[in-house]
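Here is a short report for a reader meeting this structure for the first time. Please keep the sequence and the 3D view open while reading.

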Amino acid sequence: MSGRRTDQADDMILETEGLTIAFGGHVAVQEVSLKVERNRFKSIIGPNGAGKTTLFNLLSGQLRPTAGYVRFKGKDITPLAPFQRTRLGMGRSFQITNVFPNLTVLENVRLAVQSQQGVRLNWYASAKAYRRFEEEAKHWLDMVLLGNRIGVMANYLAHGEKRKLELAMLLALQPDLLLLDEPTAGISIEEVPAILEVIRKVKEAGNRTIVLIEHKMDMVLDLSDSIAVLFNGKLLADGRPEDIMNNETVQAAYLGGLYDDAVASAGD
Amino acid sequence: MNGIINLLVNGLATGMLIFLLASGLTLIFGLMSVLNFAHGGLFAWGAYGGVWLYAATGSFFVAILGAVVIGMLLGLVLERLVIRPVYGNHIQQILVTLGAMLVLSELLKVVFGPNPLKADVPPLLNGSWEVEGVILIKYRLFIICIGAIVFAGLLFVLKRTKIGLIVRAGVMNPEMVQALGIPIRRVFTLVFMAGAGLAALGGALLAPYSGVIFAEMGMQFAILAFIVVVIGGMGSIQGSAFAALLVGLSGAFMAYYVPELSLAANMLLMVIVLLIKPSGLFGAKG
């Protein structure tokens with residue numbers, strides 16, 4: 001937060017060095033050294049089982065690495081618990097939708113707003129502050145196009161709406177870094193563009209770093225500033241989308257049958 | 001008519017006392033998945049604390065308030081020293097809280113002696129009113145009022161305050177609350193203290209109602225409270241309130257009309273609810 005932009009390390013909001021985790025004999029993530037530039041959009045792609053979600057769990061603190069470290073805003077956060085990382089400005093979504101089913105849409109987001117405002121354990125709330133929270137919650141719900149559903153219990157939402165709600169909660173935390181774990185997973189084809197639209201809006205606001213996991217490369221190609229490819233727990237390549245597209249190792253190891261389609265859509 | 005109204009008042013008063021115990025239990029279980037068998041011990045401490053403070057100060061109000069404070073302090077110690085190390089392990093929780101229950105009731109004997117103590121109804125609440133030939137015992141109505149106020153207060157806190165929203169969300173998914181940056185452990189402590197305070201309030205109110213208190217008195221009520229929590233649904237305050245009144249009323253009417261069945265009635269009620277809706281009538285969790 002020094003304001004200086006001379007040092008190159010200053011521009012890296014997130015860095016990992018030799019990040020490794022082994023479950024028994026199985027090494028799920030191996031020696032991953034990753035750099036994420038501030039206010040950029042980075043995608044991490046890889047086939048199922050490549051270790052993408054495990055890597056995310058290491059970044060957000062759900063898992064502790066066997067070796068290596070995670071640095072956030074220039075600070076080593078490897079030993080910190082998830083909620084401490086949240087307070088430092090890291091927000092993550094989960095692959096499995098995680099909303100509170102028996103709270104209304106508005107209450108779900110209000111909880112996040114409350115947490116962000118740092119007023120956690122006051123027993124009383126003045127009516128004014130309470131209304132301010134609701135206003136702010138509505139603002140985020142409008143942003144994800146759920147403004148018309150605020151009074152609905154979250155468990156009555158369609159799956160795609162739940163993911164939008166989750167995004168609104170995440171945004172309400174106002175994190176500097178958003179970790180999105182397959183935000184379009186399990187969503188019907190018709191709903192995908194709306195989710196991508198919301199993500200694009202967040203990106204275009206320009207004041208947040210986004211790291212997104214996806215296993216379908218075409219989904220993230222035009223959103224990403226850079227793409228990292230994970231394969232068998234190792235970082236295979238990391239670079240600009242067009243370089244990744246043309247990287248032969250990536251093509252051989254990961255794209256496989258998708259290769260032709262991907263070239264067709266990006267080649268011209 | 002007189003008989004029925006009396007049974008109704010009895011049942012409601014008992015139901016409210018069970019509710020005070022069950023509301024804490026259900027929140028503690030819903031939020032932290034802790035089966036707190038020591039809850040009855042806190043109830044008994046509330047009763048003794050209330051009787052002792054009433055004798056010492058002469059003010060029933062101070063006695064009740066003091067009992068709640070005693071309960072909350074015991075709750076704080078219990079959560080920090082006994083419960084915290086065994087979060088997530090049900091077997092250890094059962095053993096350790098049952099142990100705490102025994103320690104709490106034995107400590108009562110150490111402090112207050114092994115003999116049952118007499119508990120008086122304060123003069124203001126003593127006696128009864130007669131309305132159109134129906135005799136209404138003041139103290140029982142008082143218990144019903146306090147119970148209703150506590151219920152309304154709990155609902156208000158849960159539905160309309162910031163901490164209430166955190167607790168409701170925590171009952172559904174504590175990890176997710178943590179992921180939002182809220183230190184859930186501190187909420188655990190707070191809820192445990194509140195639950196302990198409510199249990200102690202129940203005990204302090206019961207003492208003059210039953211007229212005599214003894215160290216093991218918590219056990220019997222704790223069992224009823226567990227039944228209520230199961231019937232009402234883990235984690236649901238409305239469920240606990242509804243089920244507590246149901247159990248209180250069924251106890252009162254059964255004891256009068258079919259006394260042979262009065263003990264079995266609550267168990268039967270629980271079995272039927274579990275067969276039809278295993279998550280309880282108002283179950284908040286899956």
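How many bridges join β10(A) to β11(A), and do they run parallel or antiparallel? Five bridges join β10(A) to β11(A), and the two strands run antiparallel. Strands are DSSP runs of E with at least two residues, helices are DSSP runs of H or I with at least four, and both are numbered from the N terminus. Two strands pair if DSSP finds at least two bridges between them.

## Model and confidence

This is a predicted model, in which local features need pLDDT of at least 70, side-chain atom pairs count only at pLDDT 80 or more, and totals for chains, interfaces and linings use all residues. Residues are numbered from 1 along each chain as its sequence is written, while chains are lettered from A and ligands numbered from 1 in the order in which they are written. The predictor gives the complex an ipTM of 0.71 and a pTM of 0.78.

The pLDDT is the predictor's confidence in each residue, from 0 to 100. Chain A averages 83, and 85% of its residues score at least 70. Two residues are in contact if their C-beta atoms, placed from the backbone, lie within 7 Å.

Chain B has a mean pLDDT of 90, and 99% of its residues reach 70 or more. Confidence in chain B is highest in helix α3 (residues 60-83), at 96, and lowest in α7(B), at a mean of 82.

## The six-stranded sheet of chain A

Chain A holds an open sheet of six strands with mixed pairing. The order is β7-β8-β9-β4-β10-β11. β7 (90-92) and β11 (234-239) of chain A stand at the edges with a single partner strand each, so one side of each has no neighbour in the sheet. From one strand to the next, the twist averages 15 degrees.

Strand β4 (residues 41-45) of chain A runs parallel to strand β10 (residues 226-231) of chain A, and four bridges join them. A:Lys42 has A:Ser226 as its bridge partner, and A:Ile45 has A:Val229. A:Val229 also has a bridge partner in β11(A), namely A:Ala237. A:Leu230 is the bridge partner of A:Leu235 in β11(A). β10(A) and β11(A) form a hairpin with two residues between them. In its turn, A:Asn232 has a positive phi of about 50 degrees.

## The strands around β1(A)

Strand β1 (residues 12-23) of chain A pairs with several strands. Four bridges join β1(A) to strand β2 (residues 26-32) of chain A, and the two run antiparallel. A:Phe23 stands opposite A:His26 in β2(A). These two strands form a hairpin with two residues between them, and A:Gly24 in the turn has a positive phi of about 60 degrees.

β1(A) also runs antiparallel to strand β3 (residues 35-37) of chain A, over three bridges. There, A:Glu15 has A:Lys35 as its bridge partner. With β5(A), β1(A) pairs in the antiparallel sense over five bridges. One of the pairs is A:Thr20 with A:Ala67.

## Helices of chain B

The UniProt annotation "transmembrane region", from an unreviewed entry, covers several spans of chain B, including residues 7-31 and 187-207. Such annotations may be inferred rather than shown by experiment. Residues 7-31 of chain B are 100% helix, and the end C-alpha atoms lie 35 Å apart. Residues 187-207 of chain B are also 100% helix, with end C-alpha atoms 30 Å apart.

The axes of helix α1 (residues 2-32) and helix α6 (residues 162-172) of chain B come within 6 Å and cross at roughly 60 degrees. That makes α1(B) oblique to α6(B). Angles under 35 degrees count as roughly parallel, over 145 as roughly antiparallel, 65 to 115 as roughly perpendicular and the rest as oblique. Axes are lines fitted to C-alpha atoms, for helices over the stretch in contact, and angles run from 0 to 180 degrees between N-to-C directions. B:Leu27, B:Gly30 and B:Leu31 in α1(B) meet B:Val167, B:Gly170 and B:Val171 in α6(B).

## Where the chains meet

The contact takes 23 residues from chain A and 19 residues from chain B. On the side of chain B, α6, α7 (174-179) and α8 (184-210) each give two or more residues. The largest share, seven residues, comes from α6(B).
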